[in-house]
Structures are given as structure tokens and as C-alpha cells.
Amino acid sequence: MTQPIAPALAAPESGLPVLPELAERVAGAAGRAEPEPVGGGPVLHAAACGYFGRRGLWTEPGQVVAAPGAQGLLLALLASVGGDVLLTRPCAAWYTAVARLAGGASYHVPVPAECGGVPDPFALLETVRRIRGEGGRPRVLVLSVADDPTGTLVPPETLHEVCEAAEAEELLIISDETWRDTRYDAHGTVVVGPAEMCPEHTVVLTDLAGSLTPTAWPAALARLPDTEYGRAVRDRTLAACTAVRALLAPPVAAAVAHALDEPEPVRARMAAAARLFGALATAAHGRLALAGALCRPPQAGPFLYADLGELRPALAARGVSDSVELEDHLGARLGVRAPGGHRFADDPDALRVRFSPLALLPGDAARQRALDAAEPLESPDVARALAAFGAVLGELTEG
């Protein structure tokens, strides 16, 4: 069912330092006065086609829409499709607010035990049929194969069941694949997206800001199905972007096109980022386990999601009884944001929280040193950050 939206986070979380090669591209295009076309120009589209093609998705330029940020692009997509939206619980903090702005109702379906990012397939079918029985119009399922907030990857067999359920109920899938390229173990879970299983029913959405380009440079891509319906949705999405002038700034578009070509410096940065995310998140997961928290082992991206319910008595002694108070307490103790589960459409009374271990590294210089380290855990900056994190968790276990 729908529920109140938590106040939006004040600003995007800071990410990795700017890659010098991308900064040069921005500077080189700073004198461009002609605006980038709505949805992106030919150079950007060609780069996007290559980017998706290297991931097993043959793509034509007419299937691509680029926009200044994933939030606005998802809003345009949802407004173009219409109807009610199905989301997971928990889900990325911005999904619910965007779904509400699109004008339809939003419904959250619990995730399975093994991962976040997708709904339990049986719960999905039950929810869709209940919505229709109440006169609703479920049209879209938003999922994430590399999940924010849980940091997990969806096993292919689970995703296949979800795709079958979505197809059976004639739902359009919007697959957020922002963190797909940041899996920690190249020999672990194979990352497969819905577009590889049901291409005619899937829109791929990827937020490039943070995963491929700096967080301060909002840029996102959508790859739509090569069908009559997909083309109609693309046309309506472009019309929505035109109405609100959702255009990429030319210097950002130039840097994005270069990054999408994935030259060696960009590939090296992506590999270093995955190595750093994995080291930080895995170490943080170990410290959470020692403190008695429950947390799915993170597999990709910069986040992990913990349930501190086992620490409820100790937290209650500190005046913490729900996720709002938990966010305030941990934010004050850590000195960085630790959003509570209520921001991710989770039960506010549950003591759940999303951690971003990268945020514990203070500033670009420390993050650059950690990126440059062959073994990030051997970096003094990383060691200090993890020690401080462990100390805060240790306080919670003390009577």
C-alpha cells in the first residue's frame, strides 16, 4: 500500500574525485553555446549504443534518451506510461517520491530473503491482483539488479521468476542498473538484467553520476525497447523532457560521451572504484556482524543495509526506538549521514539503516589515496575510517 514519503535527503551523497580526463573534456567544451538536443545528440547516442552493446544489449540511437539526472528521467518515463507503479520494500530513497510526482499510486512489495532490488515474485502477483480488484491500474514495475540500498545482486533464477510474473501481468519493467558494473567479485554472482530476459518489456535506466561520472554532474540514460510501444514511450518521454527543459549541459554531455566510450583511464577508474567499494563494504559488514546486526552481504555498489533490531534494548537506553531516531543518533556519532529505513519505504518502527562506508573517508584526497592503493584496506585513511565505524558500533553493544 502507499505510505507517507520521508523528507528528501538534502543533497546527493558525495562520491569519488573527478577523473582528470573527464575534467579536461568539460573544460574543452565549456565554450559551446549551442544547447545539447533534448534526449542527447548524435555523439552521445553513438557512445550510449556502444556502452549498452558491450553489455550484451544491441542498441540503436532511436532507443536512447539522455537526461540531466535519473530522477527526472524516471519521472518522465513514468508520466509517459501512466498507471500505478510497483516498487520494492526497501527501495532507493528517491523512487517513491518520483512515483508520486508522476501522478499515479505507488505500491511496495517486499523483497525475497536472498537479495534486495526485486519483489518476491509471489508477493508481486498477489499485490497486482489485489490492486486490480480494488480498481487500480498497475502498469510499471521498478526494480534494481544491483540494489541501492542493500548492495546486493539479484540471482538470475530469482530475476527470471520476477520477469515471468511481470510479463504475465503485462507490466513494463524499468530496470535501474546504475551499480551493475561495480560488483566486487568478478567470479561471483553473474549480473543479468531483465532486458536480456524480456527485451520487449524492459526499459534500462542507469544513473551515470556517481557510477561513471562525478555525482555533481547529473546525467542518466534510458534504453527503451525496440518495439512500437517502446518508440511511443520514447516520444512521450522526450516530450516531457522538452516541457521542463531537461537538457544536459554541453560540457557535461561531452564528458559523458567520452566516459561511455570507456577508454582505458575510465576503465581503470571503474575497476578501482569497485575494488574500493568492495573493500569498504565488506569490512563494514564484518563489523556490523560483530556488533550483532543483521545485514545481507553486500556484492556491488557503495551501500549496505543493516537491521539493528537485535540491539534494540541498548538503543532504547540511548533514546532510540525507531529508524528516524536511529538516523539522528548514528549521524551524530559517525559525523556522516546514515539514512534510516523510513527513507527507503521500510517500516519506520524497524531499526534499519543504510550505511555508505565511502562517506567515512574525509574528502577527495583521502578517497584518491584509497583508490590508488592496490589493497585499499592497507590505506591508513581506510583503517582510521573503519576503526571509527567499529567504535561507534561497539558503543551500541555496551549495556
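**Getting to know the fold**

Biologist: Which residues is Arg223 in contact with, leaving aside its neighbours within four places in sequence?

Modeller: This is a predicted model, where local features need pLDDT of at least 70 and side-chain atom pairs count only at pLDDT 80 or more, while totals for chains, interfaces and linings use all residues. Residues are numbered from 1 along each chain as its sequence is written, and side-chain values use heavy atoms, with hydrogens and water left out. Contact means heavy atoms within 4.5 Å. With those near neighbours set aside, the partners of Arg223 are Phe52, Leu57, Trp58, Thr59, Gln63, Ala195, Thr202, Val203 and Val204.

Biologist: Is Arg223 buried or exposed?

Modeller: Arg223 sits in strand 7, residues 220-223; helices (H or I, at least four residues) and strands (E, at least two) are DSSP runs numbered from the N terminus. Buried means under 20% relative accessible area, exposed over 50%, and partly exposed in between, with a 1.4 Å probe and protein chains only. Arg223 has a relative accessible area of 7%, so it counts as buried.

Biologist: How far apart in space are Arg223 and Val65, C-alpha to C-alpha?

Modeller: Along the sequence, 158 residues separate Arg223 and Val65. In space, C-alpha to C-alpha, the separation of Arg223 and Val65 is 6.7 Å.

Biologist: Zooming out, what is the radius of gyration of the protein chain?

Modeller: The chain's secondary structure comes to 14 helices and 10 strands. For 399 residues the globule rule gives 21 Å, and the chain's own value is close to that, so it is as compact as a globular protein of that length. The radius is taken over C-alpha atoms, and the rule is 2.2 Å times the number of residues to the power 0.38. The radius of gyration is 21 Å.

Biologist: What share of contacts between residues at least 6 apart in sequence joins residues at least 24 apart?

Modeller: The C-alpha atoms fill a box of roughly 60 × 55 × 40 Å along the principal axes, and buried residues make up 56% of the 399 residues. Among contacts between residues at least 6 apart, the share that joins residues at least 24 apart is 73%.

Biologist: Which residue does a cis peptide bond join to Asp148?

Modeller: Most residues other than glycine have a negative phi, and most peptide bonds are trans. For the cis bond from Asp148, omega is about 25°, and the partner is Pro149.

Biologist: What is the phi of Ala345?

Modeller: Ala345 lies in the loop between helix 12 and strand 10, and it is buried, with a relative accessible area of 5%. Glu262, in the loop between helix 9 and helix 10, has a positive phi of about 55° although it is not a glycine. Ala345 is not a glycine either, and its phi is positive, about 65°.
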